[in-house]
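User: I have a model open and would like to go through its local geometry with you. Could we begin with the peptide bonds and then move on to the helices?

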Amino acid sequence: MAADGAAPGAGATAGEGAGPLAGVRVVDMATVIAGPGAARLFGDFGADVVKVESPRGDSVRRLGWMPPDGDEDSYFWKLAGRNKRAVVLDLKTPEGIDAMLGLIDDADLLVENLRPGKLEALGLAPDALLARNPSLVILRITAFGQEGPYAQRPGFATLAEALSGYAAISGEADGPPLLPPVAITDELTGTLGAFGALAALWEARRSGKGQVVDLSLVESVMHIIGPLPSAFAHLGYEQPRLGAGIPYSVPRGTYRCADGDWVALSASTDTVANRVLGLIGTGGDERFGTFAARFENRDALEALMAGWIAARPSGEVIRRFEEVDAAIAPVYTMADLFADEHFRQRGLFTTVDGVVMQAVSPRLSRTPGRVNFAGRPLGADTEEVLAELRGGETTATERRDNDE
């Protein structure tokens, strides 16, 4: 049973306690992380999300860490599949396609991440779907986009991180390019996908016309590398690998204290930088008086910063930074994060169906999202959802008209 006692079932209807997306219906036929992540966000905020899987199931069910009690679904699935009704359809059969079309006819949003052309090959081409359900929004997530020379290549986030320039600037100066140790690109793509789909749904409410949202993993990564494309295009600048540093904020990075603990700090404004310089005894040094000067003399300043911190235990370092109102934090492990009282009070984690996972974010003051249930067993809701189809549920267009 879910943390708040809610049982699996159709999304809440509009009203007191309903999420802000109550009444929105989503069909999620995407796999792994990015596409399902976008659909998960809709479910977190009250949409009725139907997760459609093949008889084998989404591979994320077998990805990563498994519960010790013999549960066949991974913790990754418990998170990625939360707030979604689990339906199995064999899209290689006419019956499966017919059921899928019935679901899409009744949906506001379809989420898919097949290689370009595969959706069409199933008989589910966007033009055909929009002819049946004119207000439908179709979120299509791929590695490289729906067209272009790379469109037909297989691709995962790793390739996007390599091709976008992200990996080239990650790592120590004398080390190899590094990839992120978590699925940052997939999670970011899911968030951008949810935003794009919401924008299209908002427009469809006005016009009655749906559309395709085309999002690639590579283009998603470009949204986290800031002005580097501009710096290269206009200045010829190529950012080197700087470890934990970035060129426009010095000092900035992770530093080891005398007791072996690590801290992270950033002095990204002149006022904060001046307070930090005064703290470590270099106030008034012309080498560090401006952004440009700190950038030009970053090696010298970073050496001074690292030396000052290395001579003191972490408690003293953090206390003295806080005394001058400069930003610093210990480098937490997951155990540290769980033990921190601030994050306990903020409710950073929730427990649902016996599984601890991230709580809903962001927080809405009047119509907050919630986690009703963790990822469901394969096919757990197939009979219920197909019975709704046979019962003649109202279509997305009819529901939109009724809302208006």
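User: Where is Pro362 found?
Analyst: Pro362 is in the loop between strand E11 (355-358) and helix H16 (382-390). Helices (H or I, at least four residues) and strands (E, at least two) are DSSP runs, numbered from the N terminus. This is a predicted model, in which local features need pLDDT of at least 70, side-chain atom pairs count only at pLDDT 80 or more, and totals for chains, interfaces and linings use all residues. Residues are numbered from 1 along each chain as its sequence is written, and side-chain values use heavy atoms, with hydrogens and water left out.

User: What is the peptide bond from Ser361 to Pro362, cis or trans?
Analyst: That bond is cis, with omega near 0 degrees. The bond from Val250 to Pro251 is also cis, with omega near 0 degrees. Pro251 sits in the loop between helix H9 (228-235) and strand E7 (252-256). Most peptide bonds are trans, and most residues other than glycine have a negative phi.

User: On phi, then: what value does Val32 have?
Analyst: Val32 has a positive phi of about 65 degrees, although it is not a glycine. It lies in the loop between strand E1 (25-28) and helix H1 (34-44). Val32 counts as partly exposed because its relative accessibility is 25%; buried means under 20% relative accessible area, exposed over 50%, and partly exposed in between (1.4 Å probe, protein chains only).

User: And H1 itself, how many of its residues are buried?
Analyst: In H1, 11 of its 11 residues are buried. Among them are Arg40, Phe42 and Asp44. Just after H1, Gly46 takes a positive phi of about 105 degrees.

User: Which residues of H13 are buried?
Analyst: In helix H13 (residues 314-323), the buried residues are Ser314, Val317, Ile318 and Phe321. They cover an arc of only 90 degrees around the axis, which puts them on the same side of H13; the arc is that of the directions from the helix axis to the C-beta atoms. An α-helix has 3.6 residues a turn, so residues three or four places apart point the same way.

User: What covers that side?
Analyst: The cover of the buried residues of H13 includes strand E8 (262-266), helix H10 (270-279), helix H12 (298-310) and strand E9 (328-330). Asp325 is in the loop between H13 and E9, with a positive phi near 55 degrees. Asp325 counts as exposed because its relative accessibility is 58%.

User: Changing topic: at what angle do H3 and H16 pack?
Analyst: Helix H3 (residues 94-105) and H16 pack at an angle of about 70 degrees, with their axes 10 Å apart. Axes are lines fitted to C-alpha atoms, for helices over the stretch in contact, and angles run from 0 to 180 degrees between N-to-C directions. H3 and H16 are therefore roughly perpendicular to each other (65 to 115 degrees).

User: Which residues make the contact?
Analyst: Ala99, Gly102 and Leu103 of H3 meet Val385, Leu386 and Leu389 of H16, where contact means heavy atoms within 4.5 Å. These residues divide into five nonpolar, one polar and no charged. Ala, Val, Leu, Ile, Met, Phe, Trp, Tyr, Cys and Pro count as nonpolar, Asp, Glu, Lys and Arg as charged, and the others, Gly among them, as polar.

User: Lastly, where is Asp71, and what does it touch?
Analyst: Asp71 is in the loop between strand E2 (48-53) and helix H2 (75-80). Not counting residues up to four places away in sequence, Asp71 touches Met66 and Lys78. Asp71 counts as partly exposed, at 27% relative accessibility.

Notes:
Angles under 35 degrees count as roughly parallel, over 145 as roughly antiparallel, 65 to 115 as roughly perpendicular and the rest as oblique.
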